[in-house]
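I opened this one with my notebook beside me and jotted down what I looked up as I went. Here are the entries, in the order I wrote them.

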Amino acid sequence: MSESYDAIVLGAGAAGLMCAARAGQRGKRVLVLEKAEKPGKKILISGGGRCNFTNIGAGPANYLSGNPHFAKSALARYTSRDFLELVESYGIAWHEKTLGQLFCDGSSKQIVEMLLEECAKGEVEVRCNAEVSAVEHEDGRFAVMASGQAVTADSLVIATGGPSIPKMGATGFAYDLARQFGLKVVEPRPALVPLTLGGEEVLFREISGVSAPVVATAGKARFPEAALFTHRGLSGPSILQVSSYWKPGEEVAIDFLPDRSGDWLLDAKRENPRATMRSTLREALPDRLADILAEKLGVETEFGNASDKALRAAQERLKRWTFLPNGTEGFAKAEVTVGGIATGELSSKTMEAKKVPGLYAIGEAVDVTGWLGGYNFQWAWASGVAAGEAL
Ligand code: FDA
């Protein structure tokens, strides 16, 4: 005889633990199956070990999804304030780093311990080293095989995340399972990921390690934050942010001097005709970046000898310097996945599959992807609560 539960949650990550705790505290008999040796491994490494657990400004506009309205209901019913209240009720000290991003003062471990304590309050059983290999659905019940053991339940929650960082065991298991139940999957692609440069742009690799506050743009997405040059191309928060919107073949534009506008190079020429592009750019940018940009702009004379036309062209190029990335560093380096289980298949209120009563999908497995800065965990908490309260 297999063991029987009200609900089985697949994956003890952020979304799965939150969902299980909620359902357990409502009196449901819940089992969480986790293939790793311990729960919450991505939480543990997140935010450089301090877990950027939410963003105080999190709202639907901070997410990418096939349906931009899908996340509204869950995010409105469980907000960043709600999660912060939970964090504070456990006496976990926190701080805002920048742009509404909230981090633990201590360690990400505190967040995992808090979630496990919440699960314990709901008498949830969290079973690790239990890799789910097969799921069957018969007479309205789900039968799950995990590491040789069979368990059954009325409800099944897919919370196994996306394929980002396969080295940590991440896979597309959620998508396989969704397809098995006839649910559509939006083609997954790496997001919050460094972009790679080739061709002539490899020259920028020479300044690997240099960063500067810029405004990066891909299509309509625009992010004012730091960009970092790497030995493979471009990274840093502004680039990671636009990478989620970028598609192969598209340009990424960088405004290297967002604070300068108008004819500022012509003003510089009037003020100091002996100034050069290199000396002028070095006043505003790191030396190595200033030098490579000056070289590429090709204004080699002192400003007094340069034409206004040439200086205007340089100004424009610095405002919108276009790169044509030849790819990304892929799932191996992607913090999250864009795409996933199609939102059209799920109820936005409960995360339950419309075609398969009792089947739920939450967290990164779903086609809802947040910006960098605590938004992805907020989606994991909110979608976890939505399902945990419904199943
Ligand atoms: P998550 O991936 O957390 O959990 C899925 C679980 O399912 C895993 O434990 C996995 O082992 C398990 N599993 C998979 N297949 C299974 C199977 N077949 N059987 C059983 N179990 C299985 N976000 C943010 O908001 N702030 C931050 O600071 C960071 N930082 C960060 C750093 C790094 C390096 C990465 C890679 C990612 C982040 N993120 C982040 C993103 C964040 O980690 C991510 O959005 C959430 O962890 C998603 O939560 P889920 O619960 O959906 O999946």
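**Entry 1: a pair of helices**

In which hand, left or right, does helix 1 pass helix 12? I looked, and the crossing is right-handed. A caution to myself before going on: this is a predicted model.

I then looked up how the pair packs. Two packed helices are described by the angle between their axes and the distance between the axes. For helix 1 and helix 12 I noted an angle of about 30° and axes 7 Å apart. Angles under 35 degrees count as roughly parallel, so helix 1 is roughly parallel to helix 12.

**Entry 2: what those helices do for the ligand**

Next I turned to the ligand and asked which helices each supply at least two residues of its shell. I found helix 1 (14-25), helix 2 (41-45) and helix 12 (375-390). Helix 12 gives the most, with 3 residues.

**Entry 3: the shell itself**

How many residues surround the ligand? I wrote down 28, and the closest are Ala 15, Glu 34, Asn 52, Glu 364 and Phe 377. Sorting the shell by class, I got 12 nonpolar, 10 polar and 6 charged residues.

**Entry 4: backbone contacts**

I went through some polar contacts to the ligand that use backbone atoms. Phe 377, already listed among the closest residues, has a backbone N or O atom 2.8 Å from an oxygen atom of the ligand. A polar backbone atom of Val 132 is 3.0 Å from a ligand nitrogen atom. For Lys 35, a backbone N or O atom lies 3.1 Å from a nitrogen atom of the ligand.

**Entry 5: another pair of helices**

Last, I looked up helix 8 (residues 264-271) and helix 9 (residues 277-284). Their axes come within 12 Å and cross at roughly 115°, which means helix 8 is roughly perpendicular to helix 9. I noted the hand too: helix 8 passes helix 9 in a right-handed crossing.

How values were computed:
Residues numbered from 1 in each chain as written. Predicted model: local features only at pLDDT ≥ 70, side-chain atom pairs only at ≥ 80, totals over all residues. Heavy atoms only, no water. Near = heavy atom within 4 Å. Polar contact = N/O pair within 3.5 Å; in protein donor to acceptor, adjacent residues only side chain to side chain. Helix = DSSP H or I, 4+ residues; strand = E, 2+ residues; numbered from the N terminus. Nonpolar A, V, L, I, M, F, W, Y, C, P; charged D, E, K, R; others polar. Axes fitted to C-alpha atoms, helices over the stretch in contact; angles between N-to-C directions. Parallel < 35°, antiparallel > 145°, perpendicular 65-115°, else oblique. Left-handed = near helix turned anticlockwise from the far one by under 90°.
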